[in-house]
Amino acid sequence: MNQRYDAGRRAFGLARINWATQTIQAVLVSSLYRFNAGHRTLDAVAGRITDPVDLQGLSVDAEGYALANPISFPRVLADMKAVGCVVFKLNGPLIAFYDAINGFPLQPNGGDIDVGWPNNKLFRI
């Protein structure tokens with residue numbers, strides 16, 4: 001069940017996030033994290049099992065969908081399964097939480113973990 005954070009929605013509405021030009025990142029999380037739409041920043045995200053990775057190929061299509069290329073989290077080694085992915089603006093608000101990811105939950109084994117978005121679409125702005 002993929003979700004959006006209130007802080008991210010507000011930031012888009014106030015033009016504080018420019019999806020196509022600003023640095024947007026993601027981290028993988030374990031089951032220690034529980035989604036809460038009121039979470040505002042990465043400090044609220046428990047259970048992070050990766051360092052942040054920059055999203056690439058950011059754009060917005062004619063229908064208003066935020067687009068991004070699939071991402072790869074390198075050399076993930078963790079004791080807990082990856083159950084979701086949190087997307088956020090660098091030094092800014094949380095934007096979206098994804099737990100309906102093909103192949104998740106996934107036990108890291110030291111290799112890369114790839115995350116793709118359906119048709120490279122993350123959400124409609």
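Q: How many bridges pair S2 with strand S3 (residues 53-54)?
A: Keep in mind that we're looking at a predicted model here. S2 and S3 pair in the antiparallel sense, and Gln25 has Asp54 as its bridge partner in S3. The number of bridges between S2 and S3 is two.

Q: Over how many bridges does S2 pair with strand S7 (residues 84-89)?
A: Here too the pairing is antiparallel. Ile24, for instance, has Lys89 as its bridge partner in S7. The number of bridges between S2 and S7 is six.

Q: In what order do the five strands of the open sheet run?
A: S2 pairs with S7 and with S3, which gives one part of the layout. At another place, two bridges join S1 to strand S8 (residues 94-98). Pairing in this open sheet is antiparallel, and the five strands come in the order S1-S8-S7-S2-S3.

Q: Which are the edge strands, those that pair on one side only?
A: Read the order S1-S8-S7-S2-S3 from end to end. The strands that pair on one side only are the edge strands, namely S1 (3-4) and S3.

Q: Which residue is the bridge partner of Arg4 in S8?
A: S1 and S8 run antiparallel and are joined by two bridges. In S8, the partner of Arg4 is Ala96.

Q: What angle does the direction of helix H1 (residues 6-13) make with that of S8?
A: H1 packs on the sheet, where it touches S1 and S8. Its buried residues pack against S1, S8 and S10. The direction of H1 and that of S8 make an angle of about 135°.

Q: Within what arc do the buried residues of H1 fall, seen down its axis?
A: The buried set in H1 is Ala7, Gly8, Ala11 and Phe12. They line one face of the helix, because seen down its axis they fall within an arc of 135°.

Q: Which exposed residues does H1 carry on the face turned away from its buried side?
A: On its buried side, H1 has Ala7, Gly8, Ala11 and Phe12. The face turned away from them carries the exposed residues Arg10 and Gly13.

Q: Are the rings of Phe12 and Trp19 stacked, edge-to-face or tilted?
A: The structure holds seven aromatic pairs, and this is one of them. Planes under 30 degrees apart count as stacked and those over 60 as edge-to-face, with the rest as tilted. The ring centres of Phe12 and Trp19 are 6.5 Å apart and the planes stand at 35°, so the pair is tilted.

Q: How many residues apart in sequence are the parts that the pair of Tyr98 and Trp117 ties together?
A: The two rings are tilted, at 5.1 Å centre to centre with 55° between the planes. Tyr98 is buried, at 6% relative accessible area, and Trp117 counts as buried at 6% as well. Tyr98 lies in strand S8 and Trp117 in the loop between strand S9 (113-115) and strand S10 (121-124), so the number of residues separating the linked parts in sequence is 19.

Q: How far from the centre of the ring of Tyr65 does the charged end of Lys121 sit?
A: The charged end of Lys121 is placed over the ring of Tyr65. Its distance from the ring centre is 4.5 Å.

Q: What distance separates the C-alpha atoms of Asp43 and Leu94?
A: Asp43 lies in the loop between S2 and S3 and is exposed, with a relative accessible area of 73%. Along the chain, Asp43 and Leu94 are 51 residues apart. Their C-alpha atoms are separated by 9.8 Å.

Terms used. Residues are numbered from 1 along each chain as its sequence is written. This is a predicted model: local features need pLDDT of at least 70, side-chain atom pairs count only at pLDDT 80 or more; totals for chains, interfaces and linings use all residues. Side-chain values use heavy atoms; hydrogens and water are left out. Two strands pair if DSSP finds at least two bridges between them. Helices (H or I, at least four residues) and strands (E, at least two) are DSSP runs, numbered from the N terminus. Contact means heavy atoms within 4.5 Å. Axes are lines fitted to C-alpha atoms, for helices over the stretch in contact, and angles run from 0 to 180 degrees between N-to-C directions. Rings of Phe, Tyr and Trp (its six-membered ring) pair if their centres lie within 6.5 Å; planes under 30 degrees apart count as stacked, over 60 as edge-to-face and the rest as tilted. Buried means under 20% relative accessible area, exposed over 50%, partly exposed in between (1.4 Å probe, protein chains only). A charge sits over a ring if NZ of Lys or CZ of Arg is within 6 Å of the ring centre and within 35 degrees of the ring normal. The arc is that of the directions from the helix axis to the C-beta atoms.
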